[in-house]
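Visitor: I would like to go through this structure with you. Could we take it one topic at a time?
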Amino acid sequence: MSSPNESGHQGLIYKVAVPSPLRRLFDYLPPAADIPIKPGTRVQIQFGRRKIVGYVVEQTNQSELNTKRLKPIHAVLDSEPLYSPKFFNLLQWCAQYYHHPLGEVLSTASPGKLRTARSVYQQETYFHLKADTQLSDSEQLSRAPKQKELFTYLCNNGAVNRTEILDKGFTSALLKSLVDKQLIESEEREAARAEQFTPLEKTNSKSLDLNPEQQIALNTIKESGNDYNCFLIDGVTGSGKTEVYMQAMQDHLSAGRQCLVLVPEIGLTPQTVSRFRSRFSCPIASMHSGMSDNERLDAWIQARDGAAGIVIGTRSAIFTPLPNLGIIIIDEEHDGSFKQQDGFRYSARDVAVKRGREENVPVILGSATPSLESLQNANLKKFQYLSLSKRAGDASESAMTVIDTSQEILDTGFSEQLLFKIEQHLNARNQVLVFINRRGFAPILNCAQCGWLAECENCVAQMTVHARPPSMRCHHCGTSQHLPSVCPDCNGDALSTVGVGTQKLEKFLNRRFASIPVIRIDRDSTRNKHNLAAMLDQIHTGEPCILLGTQMLAKGHHFPFITLVAIVDADSGLFSPDFRGQEFMAQTVVQVSGRAGRAERSGEVVIQSRHSTHKTLTQLGQESYSVLAKILMEERKIAAMPPFYQLALIKAEGPQLKTTLEFLKRINTFSNDLIQHSNSSVLAIGPVPTPMEKKAGRFRSHLLFKAKTKSSMQRFLAQLVYQIDQLKPVKGLRWSLDVDPLDMI
Ligand code: ADP
Ligand code: ZN
Ligand code: ZN
């Protein structure tokens with residue numbers, strides 16, 4: 001800090017965070033009406049040529065700038081800080097840990113509507129008598145009985161808002177007359193706040209009698225009290241994790257404490273919410289990406305006022321301020337959708353654990369396939385490990401078989417053996433689920449004559465052929481093109497599709513099992529929400545059908561009538577360039593399999609692979625996810641990868657591959673200096689082009705850092721980012737830092 005000098009300023013100065021890529025705060029003078037502004041309050045400020053919304057972070061009485069160059073805050077937008085000091089600290093921690101500009105963190109964390117200069121609560125117009133008027137003034141209104149009536153009403157009721165006055169049968173014209181006569185005046189005020197929810201006395205529906213494992217889990221959670229503790233419930237699909245969450249929430253709700261429940265992007269279905277609603281009568285606010293900005297703000301206000309007892313939402317709901325927070329629950333904690341992949345790249349799961357600690361409330365993470373990170377935290381006793389190894393109720397576990405397809409000629413992706421099994425299950429009047437992780441008709445279009453391959457012009461990726469409407473589309477950048485009728489290179493007519501997607505399987509299954517409905521569920525078929533609801537309704541009738549779909553089927557849904565789950569092709573997952581590929585693949589297989597045999601019917605899982613002896617498959621078939629996870633954990637240890645090592649990834653993208661690599665090489669040079677000078681254990685790997693080196697027309701490279709501990713990584717990154725910020729920007733080039741990256745492609 002420099003001492004105030006001639007060019008410095010003494011007197012009150014506010015340090016303001018603004019949404020900008022600059023990792024620093026900006027100084028502003030107090031506004032004209034000089035009332036103290038608390039940290040966490042939104043203000044409107046002149047920033048360059050724009051008026052924007054920023055957050056007061058602290059006050060000081062020193063500025064390194066000349067006062068004459070400082071501008072006053074234009075307007076104070078909140079009558080009280082948007083966030084409590086504790087919560088504001090959490091957001092500041094996020095900025096520090098993810099090395100992301102605080103202003104952008106705050107802007108990402110708050111509802112879209114509050115990024116504009118509006119106040120949190122709607123303003124309403126109130127009318128009341130002018131200061132020097134009294135009831136006797138009504139005399140002058142004797143010839144206007146309606147006006148007199150309104151005047152008397154306001155005399156008796158003090159300030160009343162416009163809506164209420166109009167509801168009483170008075171008109172706007174009457175109000176205007178009294179204002180014109182200088183008898184009454186209007187004033188803008190914030191609408192009244194919602195009341196806090198009433199502590200629950202009883203539940204709507206009776207809670208189930210827990211089985212012994214569920215009981216142990218619940219007791220452990222309850223006995224730990226209301227302070228911070230993190231629990232990892234490792235429970236197979238259908239083991240009754242949700243029942244344990246609900247019974248753990250019950251005590252908090254009856255004490256008037258709020259519960260925050262996070263679920264994966266695709267897991268937040270109306271069914272999920274209605275399950276909580278049928279148990280608990282308190283107001284429930286749900287928050288997800290499909291909501292309008294207004295709906296989101298309403299839910300946020302309900303939560304922040306303490307009016308919602310339960311907040312259930314996807315990733316960004318972790319940033320909902322809750323004045324009486326009692327417990328945080330993250331369902332399917334392993335799910336990739338908890339990690340934001342662009343901008344402020346946070347992990348909602350990791351922030352949840354930090355939040356639990358800061359606000360001193362318990363956190364429950366649950367999954368049938370916990371991430372290796374969380375399993376390691378359990379091994380280290382940072383999390384308390386709770387296991388639910390059996391399905392709740394009467395459902396039994398499914399048997400798994402792997403069909404080796406290396407020697408087979410497949411018919412549209414299916415082996416004879418698998419088709420036979422499907423037929424058997426349908427004949428027994430059961431339902432079948434066919435899983436393929438690829439939407440569209442076919443992933444490849446090529447020419448048998450000259451070898452031409454349909455590739456995206458903007459990405460290093462093949463175009464996927466779609467049948468409806470006939471087109472080729474890039475799943476990475478969204479580009480769409482007409483299907484060529486002849487080969488664009490040799491003009492020959494030997495074009496054909498290779499590989500299978502959901503649409504091709506749908507066509508095939510429809511022909512093969514003509515009397516059985518095939519219901520395809522993927523991103524294309526469910527763009528319209530009503531379609532999905534209608535499809536789910538049809539499935540829940542229990543009539544025989546084939547349910548065909550992608551990842552969307554792997555989560556959240558319960559399909560009690562399915563007895564066969566077929567995973568058409570496991571191989572793309574087995575040989576992924578991502579070091580987490582095996583883990584992801586195992587999680588998908590287990591999650592998809594978990595859809596089978598949920599009711600009293602027992603289920604069967606069949607996986608097709610050309611590598612049936614691959615250890616990931618054999619382990620999953622013979623043992624369980626936990627055993628496989630232990631093996632993968634050993635491999636990560638040997639490879640010095642997470643959860644044993646910390647990762648951070650610097651990504652650069654620009655119009656040429658060369659410039660991105662050169663930029664990262666420069667960073668690498670001074671990161672090497674940093675490492676040597678501080679004798680740090682950090683290791684730099686790269687820079688290299690990313691596995692998909694061109695995406696949406698931009699070239700991409702990355703530089704990976706590895707460290708043994710979080711603290712050594714953090715110290716290193718703080719210095720590194722500071723130095724990168726000093727570099728002169730390169731035209732058209734953008735860089736970003738991903739701490740604990742999930743996506744390395
Ligand atoms: P998970 O969240 O682990 O997938 P759920 O909580 O959804 O499991 O439970 C699966 C099914 O088992 C649900 O239909 C649920 O009502 C039922 N269930 C859960 N716990 C019990 C129990 N203790 N007794 C009987 N049925 C239960
Ligand atoms: Zn050709
Ligand atoms: Zn593309």
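Guide: The discussion below covers domains, aromatic rings and charged side chains in this predicted model.

Visitor: Which domains does the assignment give?
Guide: The domain assignment gives domain 1 (9-115), domain 2 (123-190), domain 3 (212-388), domain 4 (399-442 + 499-637) and domain 5 (646-739). Taken over C-alpha atoms, the centres of domain 4 and domain 5 are 39 Å apart.

Visitor: How many aromatic pairs are there?
Guide: The count is 14 aromatic pairs. In one of them, the ring centres of tryptophan 93 and tyrosine 97 are 5.1 Å apart and the planes lie at 15°, under the 30 degrees limit, so the pair is stacked.

Visitor: Where do those two sit?
Guide: Both belong to helix H1 (residues 85-97); they are 4 residues apart, so about one helical turn separates them. Tryptophan 93 is partly exposed at 22% relative accessibility, whereas tyrosine 97 is buried at 9%. Tryptophan 93 also pairs edge-to-face with tyrosine 98, with 6.5 Å between centres and 80° between planes.

Visitor: Which residues do ring pairs link into a cluster?
Guide: The cluster consists of Trp93, Tyr97, Tyr98, Phe319, Phe344 and Tyr346.

Visitor: Changing topic, is aspartate 740 buried or exposed?
Guide: Aspartate 740 is buried and has no salt bridge. The nearest side chain of opposite charge, lysine 710, is 4.2 Å away, and a salt bridge requires a distance within 4 Å. Aspartate 740 lies in the segment after strand E30 (734-739).

Visitor: What does aspartate 740 touch?
Guide: Not counting residues up to four places away in sequence, its contacts are Tyr97, Lys339, Asp350, Gln646, Leu647 and Lys710. Tyr97 is also a member of the ring cluster.

Definitions and conventions: Residues are numbered from 1 along each chain as its sequence is written. Chains are lettered from A and ligands numbered from 1 in the order in which they are written. This is a predicted model: local features need pLDDT of at least 70, side-chain atom pairs count only at pLDDT 80 or more; totals for chains, interfaces and linings use all residues. Side-chain values use heavy atoms; hydrogens and water are left out. Helices (H or I, at least four residues) and strands (E, at least two) are DSSP runs, numbered from the N terminus. Buried means under 20% relative accessible area, exposed over 50%, partly exposed in between (1.4 Å probe, protein chains only). Lys and Arg count as positive and Asp and Glu as negative; His and the chain ends are not counted. Contact means heavy atoms within 4.5 Å. Domain bounds come from an automatic or database domain assignment. Rings of Phe, Tyr and Trp (its six-membered ring) pair if their centres lie within 6.5 Å; planes under 30 degrees apart count as stacked, over 60 as edge-to-face and the rest as tilted.
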